Amino acid sequence: PDLDQRPCVVGSGGVLTSWMPSSPALIFMVIFFLESLAAMLQNGFVVTVLGMEWVRRRMLPAGDMIVASLAASRFCLHGVTPWNFINTLTSWLTAWLAIFYCVKIALFSHPVFFWLKWRISRSVPRLLLGSLVLAGLTVISSAIGTRIFMQMIASQSSQGNSTLADTVQSFYWCFTVPHAMLTLSIPFLLFLVSTFLLMFSLCQHLRRMRDHRLSPCDPSIQAHTRALKSLVFFLVFYTSYFLSLIVVVRKITIFQSHWYWAWEVVTYAGVCLHSSILVVSSPKLRKVLKTRVWKALDKGWSVSSYQYQ
């Protein structure tokens with residue numbers, strides 16, 4: 001039979017496995033591996049730089065705390081096995097980063113928004129702790145539901161009861177699917193709302209700038225542009241990543257092996273590129289990266305010159 005038509009199995013980490021992948025699937029798997037390696041290097045660099053500063057100064061700006069935590073969760077997302085916990089944690093940290101940008105940069109005159117702007121920086125440690133708690137509770141509830149589901153399947157297999165089979169299906173669609181949808185949807189909606197509010201604030205500010213003939217180098221415009229460059233770009237890929245998870249949860253379709261890996265390459269490319277944007281848009285990380293690159297190049301030139309002498 002054609003290997004592309006063989007059924008594939010979705011593992012606990014959301015990874016589609018096959019005994020003998022086809023040639024297109026193997027190509028996409030190699031690309032996905034390279035993307036994962038690049039993402040681990042980038043996020044490891046962010047965690048190292050910000051973590052060393054955190055240890056040295058015993059403190060870190062609120063925005064850098066979220067970025068460091070997000071980088072650590074993304075590093076673990078590509079490198080360790082508790083995929084459900086890390087994926088949930090990454091989703092919440094991405095949402096908090098979008099909310100932090102929105103509250104700190106956007107310009108709204110509502111009293112609630114001023115209160116949030118005043119409170120957000122000192123609330124970041126609690127938000128990070130809350131993300132860990134939410135991810136832990138999600139894994140616990142998911143594990144309980146999976147255990148019940150597997151026990152029901154085992155009972156069905158031993159008894160061969162059609163009524164029990166209907167009960168298993170009802171349990172999956174009434175508990176497992178809503179649970180997963182709720183877990184994924186809440187941080188995604190927070191991310192969407194924060195991004196669109198920030199875009200709306202930028203449009204308002206641009207309109208006021210045109211009315212008052214302000215300079216294009218206005219600091220608020222530059223701040224909006226830097227944040228939107230990171231958020232709007234990631235919005236497209238984060239949406240595709242969210243939709244891919246929904247497809248898997250709801251069993252809308254069963255991808256052939258090579259199409260599944262092609263989808264994974266596209267969605268995780270957004271995660272990899274967003275990490276690159278976070279590094280480039282941060283003056284602190286950009287400075288350290290330039291310093292290390294120049295040191296490596298200088299060392300390479302020194303070694304080459306010594307060999308030719």
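From the N terminus on, the elements of the chain follow the order β-β-α-α-α-α-α-α-α-α. That gives 8 helices and 2 strands. Helices (H or I, at least four residues) and strands (E, at least two) are DSSP runs, numbered from the N terminus. The model is predicted: local features need pLDDT of at least 70, side-chain atom pairs count only at pLDDT 80 or more, and totals for chains, interfaces and linings use all residues. Residues are numbered from 1 along each chain as its sequence is written, and side-chain values use heavy atoms, with hydrogens and water left out.

Of the 309 residues of the chain, 41% count as buried. Here buried means under 20% relative accessible area, exposed means over 50%, and partly exposed lies in between (1.4 Å probe, protein chains only).

Helix 1 has 35 residues, which should span 51 Å at 1.5 Å a residue; its end C-alpha atoms are 51 Å apart, which agrees. The expected span of a helix is 1.5 Å times one less than its number of residues. Buried residues of helix 1 include Ala-25, Phe-32, Ser-36, Asn-43, Val-49 and Glu-53. Just after helix 1, Arg-58 adopts a positive phi of about 60°.

Helix 3 covers residues 83-105, 23 residues in number. From its first C-alpha to its last, helix 3 reaches 33 Å, close to the 33 Å expected at 1.5 Å a residue. This helix is mostly covered, since 20 of its 23 residues are buried.

**Salt bridges**

The whole structure contains 3 salt bridges. A salt bridge is a side-chain nitrogen of Lys or Arg within 4 Å of a carboxyl oxygen of Asp or Glu. They are listed below.

| Nitrogen partner | Oxygen partner | N to O distance |
|---|---|---|
| Arg-57 | Glu-53 | 3.3 Å |
| Lys-284 | Glu-53 | 3.1 Å |
| Lys-284 | Asp-64 | 2.7 Å |

Arg-57 and Glu-53 are 4 residues apart in helix 1 (residues 23-57), so about one helical turn separates them. Arg-57 is exposed, with a relative accessible area of 53%, whereas Glu-53 is buried, at 6%.

Glu-53 also forms a salt bridge with Lys-284. Glu-53 lies in helix 1 and Lys-284 in helix 8 (residues 283-308), so this pair ties together parts that are 231 residues apart in sequence. Lys-284 counts as partly exposed, at 27% relative accessibility.

The salt bridge between Lys-284 and Asp-64 links distant parts of the chain as well: Lys-284 is in helix 8 and Asp-64 in helix 2 (residues 62-79), 220 residues apart. Asp-64 is buried, with a relative accessible area of 17%. Through shared partners, salt bridges join Glu-53, Arg-57, Asp-64 and Lys-284 into one network.

**Aromatic rings**

The structure holds 3 aromatic pairs. One of them is Phe-108 with Phe-113, an edge-to-face pair at 5.1 Å centre to centre and 80° between the planes. Rings of Phe, Tyr and Trp (its six-membered ring) pair if their centres lie within 6.5 Å; planes under 30 degrees apart count as stacked, over 60 as edge-to-face and the rest as tilted. Phe-113 is buried, at 9% relative accessibility. Phe-108, Phe-113 and Phe-200 form one aromatic cluster.

Ser-201 belongs to helix 5 (residues 162-212). Ser-201 is buried, with a relative accessible area of 0%. A polar atom of the Ser-201 side chain lies 2.8 Å from the backbone nitrogen of Leu-107.

A nonpolar patch on the surface is formed by Leu-129, Leu-132, Val-133, Leu-137, Ile-140, Ile-144 and Ile-148, with about 640 Å² of accessible area together. Patches are made of residues with over 30% relative accessible area and no salt bridge: like charges are joined within 9 Å, nonpolar side chains (Val, Leu, Ile, Met, Phe, Trp, Tyr) within 5 Å. Accessible areas come from the Shrake-Rupley method with a 1.4 Å probe, and for residues only the protein chains shown count as cover. Ile-148 is found in helix 4 (residues 111-159) and counts as partly exposed, at 36% relative accessibility.

Note on methods: A polar contact is a pair of N or O atoms within 3.5 Å; within protein, one must be able to donate a hydrogen and the other to accept it, and residues adjacent in sequence count only if both atoms are side-chain atoms.
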